[in-house]
Amino acid sequence: MNNLLDIYQRLTNHYGTRNWWPAETPFEVIVGAILTQNTNWKNVETAIFNLRQKNALTTDAILQLDLETLEQLIRPSGFFRQKAQRLQLFCLYLQDHYAGSLDALFAQKLDLVRDELLRLKGIGPETADAILLYAGRLPSFVVDAYTNRLFGRLGILSGDEKYADVRDLFMSQLPKDIQLYSEYHALIINHCKQFCRKKPLCPGCPCADICLEKQPN
DNA sequence: GTCCAGGGCCTAC
DNA sequence: GTAGGCCATGGA
């Protein structure tokens with residue numbers, strides 16, 4: 001029996017299809033992935049709303065904004081100084097190396113794109129994988145704090161694993177399926193937002209039970 | 001007032 | 001190679 005696939009099925013049975021990531025364009029996915037670093041998504045939504053109001057959800061527009069203006073627009077998402085810089089650095093890279101084309105960036109092999117993203121300041125493993133999966137539609141599993149929390153609670157992770165260890169575990173045990181990866185990450189977040197608010201472990205938290213009790217039969 | 005959120009960088013050891 | 005400090009806003 002495949003534990004991870006089984007848990008995925010139970011989460012899907014319980015919550016249904018999530019259709020993630022919440023964004024209108026691949027570029028907007030990338031903006032959201034950078035802005036949400038250690039930040040409540042609600043605050044990110046406000047920042048993205050501000051950018052949309054200024055028609056600033058394109059590489060050109062973000063590069064044309066002066067840094068201070070960009071900082072003020074994304075201020076609600078927190079860490080706004082470093083995030084403004086990171087956004088512009090990404091846009092500059094895309095413009096210089098791919099003439100601003102995300103399609104050109106994502107046309108390459110997954111590992112190649114991943115290494116490129118990881119070399120950019122402000123893009124770590126989780127942000128890179130979210131960009132690859134949800135903006136590039138490339139099969140890279142996304143690990144986040146919720147993943148570690150839920151699967152630690154389920155006894156599948158010890159908490160000592162590094163990011164790459166957890167990603168390797170999921171990618172080695174699950175079929176390499178973009179839709180599956182996309183939904184799984186979304187389901188984990190959806191589940192934890194409801195049942196796993198406190199960290200690292202909330203005593204009596206029903207989150208582990210929810211996915212175990214909802215078996216198909 | 002305290003804790004937390006869909007991380008990542010830098011520095012010191 | 002890794003533990004600890006730092007970045008900052010807004011909601012619970």
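UniProt lists residues 115-134 as "domain: Helix-hairpin-helix DNA-binding motif class", in an unreviewed entry. The model shown here is predicted. In this model, the span 115-134 is 75% helix and 0% strand. Its end C-alpha atoms lie 17 Å apart.

**DNA strand B**

- There are 27 residues around DNA strand B. Those that come nearest are Trp 21, Glu 126, Thr 127, Tyr 146 and Arg 149.
- Of the atoms of DNA strand B that come within 4 Å of the protein, 64% belong to sugar and phosphate.
- Asn 38 uses its backbone: a polar backbone atom is 3.2 Å from a phosphate oxygen of DNA strand B.
- Lys 121 uses its side chain: a polar atom there lies 3.3 Å from a phosphate oxygen of DNA strand B.
- Lys 193 meets a base: a polar side-chain atom lies 3.1 Å from a base nitrogen of DNA strand B.
- Which elements give two or more residues to the surface near DNA strand B? They are H6, helix H9 (125-135), helix H10 (145-153) and H12.
- By class, the surface near DNA strand B has ten nonpolar residues, nine polar ones and eight charged ones.

**DNA strand C**

- The residues that surround DNA strand C are Asn 38, Asn 43, Arg 75, Pro 76, Gly 78, Phe 79, Phe 80, Arg 81, Gln 82 and Lys 162.
- Sugar and phosphate make up 55% of the atoms of DNA strand C that come within 4 Å of the protein.
- Helix H6 (residues 80-98) gives the most to the surface near DNA strand C, with three residues.
- Arg 81 has a side-chain N or O atom 3.0 Å from a phosphate oxygen of DNA strand C.
- Gln 82 has a side-chain N or O atom 2.8 Å from a base oxygen of DNA strand C.
- Lys 162 has a polar side-chain atom 2.9 Å from a phosphate oxygen of DNA strand C.
- The surface near DNA strand C divides into three nonpolar, four polar and three charged residues.

**Aromatic rings**

- How many aromatic pairs does the structure hold? There are twelve.
- Tyr 8 and Tyr 184 are both buried.
- Phe 170 and Tyr 184 form an edge-to-face pair, with 5.7 Å centre to centre and 80 degrees between the planes.
- Phe 170 lies in helix H11 (residues 163-173) and Tyr 184 in helix H12, so the pair ties together parts 14 residues apart in sequence.
- Phe 170 is buried too.
- Ring pairs join Tyr 8, Phe 141, Phe 151, Phe 170, Tyr 181 and Tyr 184 into a cluster.

**Cysteines**

- The structure holds zero disulfides.
- Is Cys 91 buried or exposed? Cys 91 has a relative accessible area of 1%, and the cut-off for buried is under 20%, so Cys 91 is buried.
- Cys 192 has a relative accessible area of 0%, so by that cut-off Cys 192 is buried.

Methods: Residues are numbered from 1 along each chain as its sequence is written. Chains are lettered from A and ligands numbered from 1 in the order in which they are written. This is a predicted model: local features need pLDDT of at least 70, side-chain atom pairs count only at pLDDT 80 or more; totals for chains, interfaces and linings use all residues. Side-chain values use heavy atoms; hydrogens and water are left out. Rings of Phe, Tyr and Trp (its six-membered ring) pair if their centres lie within 6.5 Å; planes under 30 degrees apart count as stacked, over 60 as edge-to-face and the rest as tilted. Buried means under 20% relative accessible area, exposed over 50%, partly exposed in between (1.4 Å probe, protein chains only). Helices (H or I, at least four residues) and strands (E, at least two) are DSSP runs, numbered from the N terminus. A disulfide is a pair of cysteine sulfur atoms within 2.5 Å. UniProt positions are given in the numbering used here, feature names are shortened, and annotations may be inferred rather than shown by experiment. A residue is near a molecule or strand if one of its heavy atoms lies within 4 Å of it. A polar contact is a pair of N or O atoms within 3.5 Å; within protein, one must be able to donate a hydrogen and the other to accept it, and residues adjacent in sequence count only if both atoms are side-chain atoms. Ala, Val, Leu, Ile, Met, Phe, Trp, Tyr, Cys and Pro count as nonpolar, Asp, Glu, Lys and Arg as charged, and the others, Gly among them, as polar.
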